[in-house]
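Open the model in a viewer and keep the selection tool at hand. The stops below say what to select and what is there.

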Amino acid sequence: MTARDEPGETRPIPVRATGPTVPTVPSRTSKPARRRPPRRWATVLAWTLVATCVVSLGVLGYGYQRSLDSAQAWKALATSTTTELEATRVELDRTSETLTKTKLALDDTRQALDETKGNLNAVAGQYNDASERIRELADEKAKVGDEAGLLATAVAQAARLQDQLDTCVTGLRSLQAYLVDADRADPEALASVVAEVNSGCDEAQSQSRDFQEWLEGR
Amino acid sequence: MARSSLTLAASGAAVTLLFAGCAAVLPISPPSRTTPAPYTVSGVSSAPVITAGSAATATLKGFTAYERAALRIRNITCEGVEVGSGFAVAPRVIVTNRHVVDGAAVLQLQTYDGHDRQVATAGVATFADLAIVRISDDLAATLPLASANPKPGDPITVVGYPGGGELTTSHGHVLRYGADIVGESDEPMIINDAPIAHGSSGSPLVDAAGEVVGVAYAGKPEGPFWAVPVELLRQLIDSPTELGPVPPCG
């Protein structure tokens, strides 16, 4: 048996001889035989390696499990994405078809719009022509009205002139009557009548000339 | 022997640790979803181009609001026929110049489209060359009066019957204010460069807002031209007592 006294060193425990003594086997050396003590650092290293392996295996196992889960999640994501993409593509195809129809309808509408625009231009042209014609007709009517107004004025002036000429003729007739029996007439009164009649007739003649010139000027 | 065992053990541990490290950097979870690239729509060759207002290419040359409110006034006097202009400020109220209606035996009004309107009454102002004619039937278009006189530089539009001809629109600006060229009023008058002629008397001066700012009444053949300011017109409209009878014919 051995007993620990010092680290890394053992020595035999003295045994009291109670019986016949057995000669000890001589060692190869002259020194007494001593067992080499096992190294403690090897033990510690072994345990450390074991612990490390156990921990690593645990981590690997955890990682493996996580990888399985991740793969499952990726697969699910890929499946759902594929489904969504397919649905989106179908929807886009529908939209494309709708857009195509809309474009055709828009082309039709544009064509109709062009036709309407042409019609509008034609109507606008007719409207402009009609407006211009109304403008011209209003002017023509105004001119006719002006002429009618002038004629009315001329008629009124002619009527006034007619009155003056009638007065002149009446005066001349009266003067003629006086002159037939001039011996019995008062010479001063006769001269006054002559002057009055002449004045009226001169005025009528003057008015007549003015009126004639006015008519010729028109 | 012990050294080789130790080396082997260390290598095993290192490999184990390496695997364990790799396990830590594995793509554990899928990445977050991102918006897919825009899908290219086929079947539509080109996007239609719609130009705003492309349909409004037709130009209408009808009668403006100013023209619709304008009237041609024929004054048949004892000596002949005079032609002037006027405009409606109310459905039955026409504004023109005093000298347009002076000596009238008969007054005849004609609208922009040639319709005749029967005159009910007429009166003239004493303080400016203005007259008010009332008619028996309503007119469709009228012109609002501005609340204040125009300022020099303001653009104006004049609508009337120069020379007794077709309804005509001319444009110009207010130049300044000056004395009455005829000398019959003590009030300052608008002097402007919007061309008018004999027959334009009584035409409205309309500003950029479409409101009457004056009434044309005189001018030199080459310009400038004179107009009664709207404030005097307002004074006449607000005070009917300022109106007197039309001087008779002859």
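pLDDT is the predictor's confidence in each residue, on a scale from 0 to 100. It applies here since this is a predicted model.

Colour chain A by pLDDT to begin. The chain average is 83, and 82% of the residues score at least 70. Within chain A, the mean is highest in α1(A), at 91, and lowest in strand β1 (residues 2-6), at 46. Select residues 1-6 of chain A next: pLDDT stays under 50 there, and the model has nine contacts beyond four places in sequence for this stretch. Where pLDDT is low, the predicted coordinates should not be read in detail.

Move to helix α2 of chain A, residues 187-217. With 31 residues at 1.5 Å a residue, α2(A) should span 45 Å; the C-alpha atoms at its ends lie 44 Å apart, which agrees. Show the side chains of A:L190, A:V197, A:C201, A:A204, A:F211 and A:W214, which are buried. The cover over the buried residues of α2(A) includes α1 of chain A.

Now select the sheet in chain B. This open sheet has eight strands, paired antiparallel in the order β5-β4-β1-β2-β3-β7-β6-β14. Its edge strands are β5 (116-117) and β14 (243-244) of chain B, each pairing on one side only.

Zoom in on β1 (residues 70-76) and β2 (residues 81-90) of chain B, an antiparallel pair with seven bridges. Pick B:I73 and look across to β2(B), where its bridge partner is B:G84.

Definitions and conventions. Residues numbered from 1 in each chain as written. Chains lettered and ligands numbered in written order. Predicted model: local features only at pLDDT ≥ 70, side-chain atom pairs only at ≥ 80, totals over all residues. Heavy atoms only, no water. Pairing = 2+ DSSP bridges. Helix = DSSP H or I, 4+ residues; strand = E, 2+ residues; numbered from the N terminus. Expected span 1.5 Å × (residues − 1). Buried < 20%, exposed > 50% of the residue type's maximum accessible area, 1.4 Å probe, protein only. Contact = heavy atoms within 4.5 Å.
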